[in-house]
Amino acid sequence: MNTKHMKRKKSSMSEVKVAVIGASGVGKTALSVRFLTRRYIGEYDHQSETRYKHEVLIDNDPVLYEILDTCPKSIDDLPSPEVINWADGLLLVYSITDRGSFGFLKKVGAIVADSDIPAYVVANKNDMVHLREVSVEEGAILARNLECGFSEVAAAEQVAPVAVVFQELCRAVLAARRKSKHSLLERMLGTRTSNLRLYARGKSDSCLPKD
Ligand SMILES: Nc1nc2c(ncn2[C@@H]2O[C@H](COP(=O)(O)OP(=O)(O)O)[C@@H](O)[C@H]2O)c(=O)[nH]1
Ligand SMILES: [Mg+2]
């Protein structure tokens, strides 16, 4: 017998596509580069949308991140449906020193609130508290409304907290995937269970004495 065909298929590595979304200048590229390289350069190309691939271990399992570092042209340039549909998870970034960037995220929030795509709200530049324009509470409320995680970080100064943000979003994506697989199974079993119940009732009914 040819055993070649009997080999079990290796389970493929989880792939998680993350779109980094937020107004211009909030630190989307700084956060992405921090996560990818652990480094902070200070000046980044503002013009171009960039895609990165990065493999890391999350809870001991390898995960291949695909990160789309978006680049809105203006404060009214909200992410396109293509970007939202492409992404498994959204990293929603604003700067605590830029009220307009928080308004931008609120508008993005209104778009994605109805979808069940996992998200994570990141308030960047918390090394600049003297220039704060958005309170921690406001950020937390936005995240609560979107039913997602929230952290204040500083890409300029931190490595680990920035990585945690990407990890938490990844966990949320994987959990949502498991849940949707589970509910699919439940839907399939649910149909069968109700069929079985009907069948059982039919049977037991026939055993009842007729009056
Ligand atoms: N103080 C401070 N500046 C930051 C931080 N993150 C990014 N920046 C600066 O903010 C500017 C815009 O960052 P960038 O990553 O290009 O923003 P993007 O347009 O959202 O990609 C750059 O000059 C960065 O050096 C941060 O955590 N703290
Ligand atoms: Mg950028």
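Mentor: A residue counts as buried if 20 or more other C-beta atoms lie within 10 Å of its own, as exposed if 12 or fewer do, and as partly exposed in between, with C-beta atoms placed from the backbone. The model is a predicted one, in which local features need pLDDT of at least 70 and side-chain atom pairs count only at pLDDT 80 or more, while totals for chains, interfaces and linings use all residues. Residues are numbered from 1 along each chain as its sequence is written, and chains are lettered from A and ligands numbered from 1 in the order in which they are written.

Trainee: What share of the residues in the protein is buried?

Mentor: Of the 211 residues, 32% are buried.

Trainee: What makes up the secondary structure of the protein?

Mentor: There are five helices and six strands. Helices (H or I, at least four residues) and strands (E, at least two) are DSSP runs, numbered from the N terminus. Read from that end, the order is β-α-β-β-α-β-α-β-α-β-α.

Trainee: Why are E1 and E3 said to pair?

Mentor: Two strands pair if DSSP finds at least two bridges between them. E1 and strand E3 (residues 61-69) have seven, in the parallel sense, and therefore pair.

Trainee: What makes E2 and E3 a hairpin?

Mentor: Nine bridges join these two antiparallel strands, and two residues lie between them. Asp59, in the turn, has a positive phi of about 50 degrees. Ile58 has Asp61 in E3 as its bridge partner.

Trainee: Why are E2 and E6 called edge strands?

Mentor: The six strands form an open sheet of mixed pairing, in the order E2-E3-E1-E4-E5-E6. Strand E2 (50-58) and strand E6 (149-152) each pair on one side only. For E6 the partner is E5 (residues 119-124), joined to E6 in parallel by four bridges, and Ala123 is partnered by Glu152 in E6.

Trainee: How do you know that helix H3 packs on the sheet?

Mentor: Helix H3 (residues 99-112) touches strand E1 (14-21), strand E4 (89-95) and E5. Contact requires C-beta atoms, placed from the backbone, within 7 Å. The direction of H3 makes about 155 degrees with that of E4; axes are lines fitted to C-alpha atoms, for helices over the stretch in contact, and angles run from 0 to 180 degrees between N-to-C directions.

Trainee: Which strands does helix H4 lie across?

Mentor: H4 (residues 136-145) lies across E5 and E6, at about 160 degrees to E6.

Key: Two residues are in contact if their C-beta atoms, placed from the backbone, lie within 7 Å.
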